[in-house]
Amino acid sequence: MVSSASAIRPGAIVTIAALLMVAATFVPLGYIVSTLVSTGWHETAQLVFRPRVAELLRNTAELVVLTVPICVALGIGLAWIVERTDVPGAAWWGPIFAAPLAVPAFVNSYGWVSAIPSLHGLWAGVLVSTVSYFPLVYLPAAATLRRLDPAVEESARALGSGPVAVFARIVLPQLRLAILGGGLLISLHLLAEYGAFAMIRFDTFTTAIFQQYQSSFAGAAGSTLSGVLVVMCLVLLAGEATVRGRARYARIGGGAQRGANRIRLGLTKIPMFALLTAALAATLGVPLWTIGRWLKIGGSAVWNTTDIGESLGQTIGLAATAAVITTLCAFPVAWVAVRSTSRFARIIEGANYITSSLPGIVIALALVTVSIRWLPALYQTAATILAAYTLMFLPRALVSVRAGLAQVPVGLEEASQALGKSPAATFFRVTLRLTAPAAAAAAALAFVAVATELTATLLLAPNGTNTLAMQFWQLSGELDYAAAAPYALIMIIVSVPVTYLLFTQSRKAAGL
């Protein structure tokens, strides 16, 4: 129907706006390539092929190889227990295991280091990363389990397959997309994370780049490390796309319009409940207990209402502004992606996801260099940091806006224009109103991402800026954990509503 409605196809203005967004997203990649070219092959090779890079590569690779399978096993295991068994409190465990997304990884690291001061190194990184990122597998796995056709599993059991065989041959293959997508997101988070690993003294490419930036600003060594990190991100994207292939899993026909019968655990109900409780204690219990402990130790003295209020106001101001800009910038890209089926549309949409895979530190360094060399008036201004937030979190907004636009009936737009309304009036009176809930969700996702962002904010924030994340990082870096606790608590409180939104959206996607 869309192909026949030429009046609602992307016009010149929308297409140009989308192209400008694509051009902006390639600034970080262009920065890396130009820096490496200007450095020269000989010096670049010397900087790349050295023991320090090999050490960072080994650390990062070990972190990804160990953490991702653990997160996948934990996410799928918890999802299966919650969705397919009669474990007590099943209705409550779902939102509980989505809640760890409300705790920033560097706050989790703060919680565990406070509880175990000797915690550091690779396995500390695996622990903190697992409790921070396993919901990225849990949420899509739980949503997939809810919408699977139980008749297929029942047929397999009727033919003599046991529970393990049914799970391995029927259920697990249908979780493939959730596993690959969640694993990719976790891997990209591991490559981009700075604060959590700096706190436990575990060196990765991101921590090394930040240290290099502090010692030599935009030196060749830091740019080279950034280039290696970008290559790793692109390899992960290509690998996930190759493994995923064109596989799709869908019902043929209506299927069984009911949920699967829950498995009766019997005597194993107690150990299963204990397992869920232990997971809850590790993911939410430790950071919340630590924050509460430090708040009790600090007493009323740590609640400096002036500083906290200033930080909260700056955080809300930056996050709200960035959320609006990011959502507005997502509209032309989403419009082209939804209303056009050409290869050009796929390229425009895909370019934004490629850039979003780059760590925030790379995007920040690129904007620092660009602003100093070509736009000095923008260096250390709000415009630069807002541009970084837009580039980093545009895909989060794009997913929601694209879904909202795809659900707008084209016939309503055609009817509006048939009644004499201009395309612009049709957009504001029909399309935008119907897309408003999706746009609000997009803005909410961008808001909470900016409110808890640390690395790019540390590099780009204008003088005098002290967001909640920056204040927390400064105080915890000074080992004043009690004074840092209120900032950690407020960041979690700010993130909780959006985390619940993600959970409810996953249930809607499953038809519940």
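Is Phe202 buried or exposed? In this predicted model, Phe202 has a relative accessibility of 5% and therefore counts as buried, since the cut-off for buried is under 20%. Its ring pairs with that of Phe197. The two centres are 6.1 Å apart and the planes stand at 75 degrees, so the pair is edge-to-face. Phe197 is also buried, because its relative accessibility is 0%.

The count of aromatic pairs comes to 13. Another of them joins Phe97 and Tyr138. This pair is edge-to-face, with 5.8 Å between centres and 65 degrees between planes. Phe97 belongs to helix α5 and Tyr138 to helix α8, so the pair ties together parts 41 residues apart in sequence. Phe97 counts as buried at 0% relative accessibility. Tyr138 counts as buried at 1%. Both residues belong to one aromatic cluster, together with Trp93, Phe134 and Phe273.

Two packed helices are described by the angle and the distance between their axes. The axes of α5 (residues 90–98) and α8 (residues 135–147) come within 9 Å and cross at roughly 140 degrees. On the α5 side, the contact involves Trp93, Gly94, Phe97 and Ala98. These meet Pro135, Tyr138 and Leu139 of α8. The contact residues comprise 6 nonpolar, 1 polar and no charged.

Ile179 lies in helix α11, which spans residues 176–192. At 22% relative accessibility, Ile179 counts as partly exposed. Beyond residues up to four places away in sequence, Ile179 touches Val72, Ile76 and Leu172. Ala274 is 95 residues from Ile179 in sequence, and their C-alpha atoms are 25 Å apart.

A charge also meets a ring: the charged end of Arg293 sits over the ring of Trp294, 4.9 Å from its centre.

Key:
Residues numbered from 1 in each chain as written. Predicted model: local features only at pLDDT ≥ 70, side-chain atom pairs only at ≥ 80, totals over all residues. Heavy atoms only, no water. Helix = DSSP H or I, 4+ residues; strand = E, 2+ residues; numbered from the N terminus. Buried < 20%, exposed > 50% of the residue type's maximum accessible area, 1.4 Å probe, protein only. Contact = heavy atoms within 4.5 Å. Axes fitted to C-alpha atoms, helices over the stretch in contact; angles between N-to-C directions. Nonpolar A, V, L, I, M, F, W, Y, C, P; charged D, E, K, R; others polar. Phe/Tyr/Trp six-rings, centres within 6.5 Å; stacked < 30°, edge-to-face > 60°. Lys NZ or Arg CZ within 6 Å of the ring centre and 35° of its normal.
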